[in-house]
Amino acid sequence: MKLGKVEFCHFLQILALFLCLSGMNQAELSRSRSKPYFQSGRTRTKRSWVWNQFFVLEEYMGTDPLYVGKLHSDVDKGDGSIKYILSGEGASSIFIIDENTGDIHATKRLDREEQAYYTLRAQALDRLTNKPVEPESEFVIKIQDINDNEPKFLDGPYTAGVPEMSPVGTSVVQVTATDADDPTYGNSARVVYSILQGQPYFSVEPKTGVIKTALPNMDREAKDQYLLVIQAKDMVGQNGGLSGTTSVTVTLTDVNDNPPRFPRRSYQYNVPESLPVASVVARIKAADADVGPNAEMEYKIVDGDGLGVFKISVDKDTQEGIITIQKELDFEAKTSYTLRIEAANMHIDPRFLSLGPFSDMTTVKIIVEDVDEPPVFTSRLYSMVVSEAAKVGTIIGTVAAHDPDASNSPVRYSIDRNTDLERYFNIDANSGVITTAKSLDRETNAVHNITVLAMESQNPAQIGRGYVAITILDINDNAPEFAMEYETTVCENAQPGQV
């Protein structure tokens, strides 16, 4: 016959009640056989009239008061002369006693998890004199447990992590369920764990609740998170037991099981020759499916003809290799460079060396593009000298500049008049010969610093600048002059030779 959950609970209650009543009847029978000891002409020396403990089943669902037990004194002859009184925890409010018969009943539904036992006191009084006929006795009513509480995961839901590629049987986390039922009585609080969701990747130990890995080589890069549902069932997992569940989110943490690999075997970048030193030429990156420190790598130039011209460093945030210029580029001197670059993991896990090597190589070709550069003077600074007595048109010196581009465009010269406001000098536009345009005076200006411009004929916007320092040589062209007029006096009787 199949019973529902409620019917099954009622059945257990009735069975427990039957056992309790049976035990009480045996106890009463035993006491009735043990007559008090009397001696002629003497008073009674001992009379024990109550046993120490009653049992009552919790969660009684009946409509009538629940019979608990019976108090009885040997003095009671059944003629109604004895009155029974009950006091203590729950007296009158929960437990009532028939003052004539001593029968005790529970009037309310009891919950062992709220209170497991009640301590009460009983008295037997002479109904006429209202005096005790027995000493007051204390006894306990213990609430008998039934399986009315399901296991609960008080700390759930859980989150845990376990390294990817862990061997089978690696512990992940321990879950614990508590059952409010009486652990000392029956199997109501004996819990067994099982996994409802999360197989075949994980398992749980039935007795301890320890979750372990159940499959080898779980790869974080394929799937990094799993949702488990764990069940705890009381009654040692038997049919009719109550159960509770919790969820466990397991995250696979990363290990360095993926070597870096360049997506391409070669790269090519075009760079203008005018790019300044320390400028970024290119960014390259080796792909690594790992994360965090396991994806950290370093780059280095291991070969090629640009070892002294370029360098490579790593961007700590993006793990990219950054190629920068160390020296100025010159299309006319070299039009391309080839670099052999290696990327390697910085933190290698010895367990996964068989998956390596944990480094990779690629080739980077850098093409230098020609840029229309301004004319370049043969010297950064020209020093010239001329006498202040030189006539107008005297040649002082010559400057020279050329177009560094392959076109080698002709150059025209001029003087930046902002550096020669008085127009003391001229320059031949084609030859670069500098001549005097005015008379010079060393005493007015001993050195003239002028800027010479060299302009490409085909592209006047391309202008080079040269600097010329012209020193004026002195000649004797100034008579002595007294700095002031002198006036003095002399005595009329001064002797010859007196200053």
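Arg 220, Glu 221 and Asp 254 are linked in a network of salt bridges, a salt bridge being a side-chain nitrogen of Lys or Arg within 4 Å of a carboxyl oxygen of Asp or Glu. This is a predicted model, in which local features need pLDDT of at least 70 and side-chain atom pairs count only at pLDDT 80 or more, while totals for chains, interfaces and linings use all residues. Residues are numbered from 1 along each chain as its sequence is written, and side-chain values use heavy atoms, with hydrogens and water left out.

Reader: How many residues apart in sequence are the parts that Asp 254 and Arg 220 tie together?
Author: The side chains of Asp 254 and Arg 220 meet in a salt bridge at 3.0 Å, N to O. Asp 254 lies in the loop between strand 14 and strand 15, and Arg 220 in the loop between strand 12 and strand 13, so the parts tied together are apart in sequence by 34 residues. (Strands are DSSP runs of E, at least two residues, numbered from the N terminus.)

Reader: Is Asp 103 buried or exposed?
Author: Asp 103 forms a salt bridge with Lys 70 at 3.2 Å, N to O. Lys 70 belongs to strand 2 and Asp 103 to strand 5. Buried means under 20% relative accessible area, exposed over 50%, and partly exposed in between (1.4 Å probe, protein chains only). Because its relative accessibility is 18%, Asp 103 counts as buried.

Reader: What is the relative accessible area of Arg 283?
Author: Arg 283, in strand 16, pairs with Glu 320, in the loop between strand 18 and strand 19. The N to O distance of this salt bridge is 2.8 Å. Arg 283 is partly exposed, because its relative accessible area is 40%.

Reader: Which residue's backbone oxygen does the side chain of Ser 279 reach?
Author: Ser 279 is found in the loop between strand 15 and strand 16. Leaving aside neighbours within four places in sequence, Ser 279 is in contact (heavy atoms within 4.5 Å) with Ile 323, Thr 324 and Ile 325. At 2.8 Å, its side chain reaches the backbone oxygen of Pro 276.

Reader: What separates the C-alpha atoms of Thr 208 and Val 175?
Author: Thr 208 lies in the loop between strand 11 and strand 12. Among the residues that Thr 208 touches, not counting those up to four places away in sequence, is Val 175. These two residues are 33 residues apart along the chain, and their C-alpha atoms are separated by 8.0 Å.

Reader: How is Phe 482 classed, buried or exposed?
Author: Phe 482 is found in the segment after strand 30. Because its relative accessibility is 72%, Phe 482 counts as exposed.

How values were computed. Helix = DSSP H or I, 4+ residues; strand = E, 2+ residues; numbered from the N terminus. Polar contact = N/O pair within 3.5 Å; in protein donor to acceptor, adjacent residues only side chain to side chain.
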